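Please look over the sequence and the structure shown below before reading on. The briefing that follows takes up helix packing, salt bridges, the surface and a few backbone details in turn.

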Amino acid sequence: PTECMAAMFQQAQNSLDKGSSQKFKFVPGQLVYAMKFGGVWGFDEVSLPQNPGVVPSLNPAMDGTQSITLPNGEIVKRHPNCVFVGTTNLDLEGCRNLNQAWTDRCQLIIDLAEPNDEELIARIKAMTGFDDATDGKIVDLDRFLQAYHAIKELTQAHRMDDGSIGPRHLADWVLSTLITGDAVQSAGMTIISGATADPRSIAELEEKIADIF
């Protein structure tokens, strides 16, 4: 792979050299800086790389080799204070299983449970800028949490798996309600539409929301 990448760089450079003043050069990203100087490098959605070769290419940096080879041929040794953090959602549609060679090199693998209600309210407030003094008059977060859990239970019981429900949808629902003043109407544009596109399932969720509000 390194030789192929080097050949591609050379071809690009050759094409630019023909009557062009532009130059083609390798520009390092945050990974390279973390490798050279230390720091935390986060790989979000490690199970969904745009290029499947990205994850295995990091393996040498995580084993005894402790280095990576850049496309320009430079070998970068891993700084002792360089930390890799990979995150993924294993239970969402479209997410693949983690690369086994990657997980074999991970020193810590932490399965994070869904936040409890106290943590969830803190996240929603942080995500929406919720102000208890003013926004609390429009949105009762405790009731929204009750509806959130009821919807999740209903989607799981009836296997509504063509969408997803999470803290982001709950935050969107709260924000929309702060604008419309109507929790039921806003639910249809946020948390319900995110959960499923099936008309019958949507009707069930709408009925559940109406019962709570």
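**Briefing on the predicted model**

Val40 is exposed, with a relative accessible area of 63%, where buried means under 20% relative accessible area, exposed over 50%, and partly exposed in between, with a 1.4 Å probe and protein chains only. This is a predicted model, in which local features need pLDDT of at least 70 and side-chain atom pairs count only at pLDDT 80 or more, while totals for chains, interfaces and linings use all residues. Residues are numbered from 1 along each chain as its sequence is written, and side-chain values use heavy atoms, with hydrogens and water left out.

**Surface patch**

- Val40 lies in strand S1 (residues 39-43); strands (E, at least two residues) and helices (H or I, at least four) are DSSP runs, numbered from the N terminus.
- Together with Val83 and Val85, Val40 makes a nonpolar surface patch of about 240 Å².
- Patches are made of residues with over 30% relative accessible area and no salt bridge, with like charges joined within 9 Å and nonpolar side chains (Val, Leu, Ile, Met, Phe, Trp, Tyr) within 5 Å.
- Accessible areas come from the Shrake-Rupley method with a 1.4 Å probe, and for residues only the protein chains shown count as cover.

- Two packed helices are described by the angle between their axes and the distance between the axes.
- Axes are lines fitted to C-alpha atoms, for helices over the stretch in contact, and angles run from 0 to 180 degrees between N-to-C directions.
- Helix H7 (residues 141-157) packs with helix H11 (residues 199-212) at an angle of about 150°, their axes being 10 Å apart.
- That angle makes H7 roughly antiparallel to H11, since angles over 145 degrees count as roughly antiparallel, under 35 as roughly parallel, 65 to 115 as roughly perpendicular and the rest as oblique.
- Helix H6 (residues 117-128) and H7 have axes that come within 11 Å and cross at roughly 115°, and H6 and H7 are therefore roughly perpendicular to each other.
- The axes of H7 and helix H8 (residues 167-180) come within 11 Å and cross at roughly 135°, so H7 and H8 are oblique to each other.
- H7 passes H11 in a right-handed crossing, H6 passes H7 in a right-handed crossing, and H7 passes H8 in a right-handed crossing.
- A crossing is right-handed if the near helix is turned clockwise from the far one by less than a right angle, and left-handed if anticlockwise.

**Salt bridges**

- A search of the whole structure finds four salt bridges, a salt bridge being a side-chain nitrogen of Lys or Arg within 4 Å of a carboxyl oxygen of Asp or Glu.
- One of them joins the side chains of Lys36 and Glu74 at 3.2 Å, N to O, and this pair links distant parts of the chain, with Lys36 in helix H2 (residues 30-37) and Glu74 in the loop between strand S2 (67-69) and strand S3 (75-77), 38 residues apart.
- Lys36 is partly exposed at 35% relative accessibility, and Glu74 is partly exposed at 32%.
- Asp63 forms a salt bridge with Arg105, with the closest N and O atoms 3.3 Å apart; the pair links distant parts of the chain, Asp63 being in the loop between helix H4 (59-62) and S2 and Arg105 in helix H5 (residues 100-105), 42 residues apart.
- Lys152 and Glu114 also meet through their side chains in a salt bridge (2.8 Å, N to O), which links Lys152 in helix H7 with Glu114 in the loop between H5 and H6, 38 residues apart.
- Lys152 counts as buried at 16% relative accessibility, whereas Glu114 counts as partly exposed at 44%.

**Backbone details**

- Most residues other than glycine have a negative phi, and most peptide bonds are trans.
- Glu45 has a positive phi of about 55° although it is not a glycine; Glu45 is found in the loop between S1 and helix H3 (54-57) and counts as partly exposed at 23% relative accessibility.
- Arg159, likewise not a glycine, has a positive phi of about 55°; Arg159 is found in the loop between H7 and H8 and counts as exposed at 70% relative accessibility.
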